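Hi everyone, thanks for coming. Please have a look at the structure on the screen, and then I'll walk you through it.

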Amino acid sequence: MNADIAAASRELKGGGVVVLPTETVYGLAANALDEEAVRKIFTIKGRPLNNPLILHVLDSSWLERYSYVKKYSVRVEKITGAFWPGPITIILPKKAIIPDIVTSDFNTVAIRCPDHPIFRAVLLDSDLPLAAPSANPFGYVSPTCIGQVKATLGNRVKIMLDGGECTVGLESTILDITSMVPKILRPGAITADTISKVLEEDVIDYDAQIVSKSPNAPGQLKQHYCTNTRLILFDRNRNLSQYLAGKTAIVFMQKPKNVDGIAEKLQLPLKAILWFSDDGNLDMVAKNLFSTLQRLDSVHYDTILCERPQRTGIGIAIDDRLSRAAEKFKQ
Ligand code: TXA
Ligand code: MG
């Protein structure tokens, strides 16, 4: 493994791009201080230049190098003390050392400290801040295992390190701490309630109502994470017959009590009935969400019917990803 870390580090120092695991999703990383290296990320992903990247650092001591922390130091200390390394990204005013391509000309930068030993080893070895979006083609489902990355970006990146299955499975929570009241820009595993307790102040939670297509609202693209197969969401306890369209698969949040009965009623094969978690545990749903969707997407169904989660805790983030994924298929 050490040889892999050294090779990744060398590639990054030479202006290359590598795939690295994080605890949330796999990332496509480049040296954030090298404009041309960062440009490769956008090209490989097919990502528009107006969608800024997250800067990954080894620990909070790196913050001063790349951002102006002082004015927000109380909030920064509380957040980093409680959650770093971990799945929360904070927005801070950026220093000029960060090329504008990373932040899409915004004067703020999103910074996160990932909690995966391989990513951390590369940060330590290279001593570079790494810009890293999720390692998927722009707009597609994010990868939570190396197989998913290989299936979509396989021939475009030379070095891809396998760190197993991502334990969280959803991208980090993004928190803007520069606004008067701290504000969630993207919901994730660390929720507004938990953050509010740590900060000991109000936090504006993420509100799907203000989701915008405007590029001025980075991170809030209404349509994202899309499968190629039509994806339709349904609320719990809905009559499903009305949604059946062509060859259909159904995914529930929790293993239904009567799988055979459902299969018979809807005249579907048993293998077309799936669930994200045996007991409805939402952390498990998050962990399995993207991998299940991508797996189903490769089976050539006409339609994937997916149950919506309860919008509590991490359910808010799960519902956010699902809503955006289904947006393209709304009539
Ligand atoms: O968990 C994660 O955050 C993963 C792993 C790889 O670390 N990364 C990730 O990156 O999800 P990406 O590029 O797929 O999503 C980054 C989001 C984008 O929606 C972007 O618009 C937002 O962060 N963002 C970046 N810089 C920002 C800024 N200065 N202000 C507001 N949003 C920003
Ligand atoms: Mg992404």
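This is a predicted model: local features need pLDDT of at least 70, side-chain atom pairs count only at pLDDT 80 or more; totals for chains, interfaces and linings use all residues.

Residues are numbered from 1 along each chain as its sequence is written, chains are lettered from A and ligands numbered from 1 in the order written, and side-chain values use heavy atoms, without hydrogens and water.

Let's start inside. A nonpolar core here is a set of buried Ala, Val, Leu, Ile, Met, Phe, Trp, Tyr and Cys residues joined through side-chain atoms within 4.5 Å. Buried means under 20% relative accessible area, exposed over 50%, partly exposed in between, with a 1.4 Å probe and protein chains only. The largest core has 65 residues, and V19, L28, W84, L130 and I195 touch the most other members. Apart from it lies another core, of 30 residues, including Y225 and L293.

Back to W84: leaving out residues up to four places away in sequence, its contacts (heavy atoms within 4.5 Å) include D59, I90 and R112.

Now, is D105 buried or exposed? D105 is exposed, at 61% relative accessible area.

Finally, how many disulfides does the structure hold? Zero, taking a disulfide as a pair of cysteine sulfur atoms within 2.5 Å. For C166, the nearest cysteine sulfur belongs to C145, 7.8 Å away. C166 is buried, at 2% relative accessibility.
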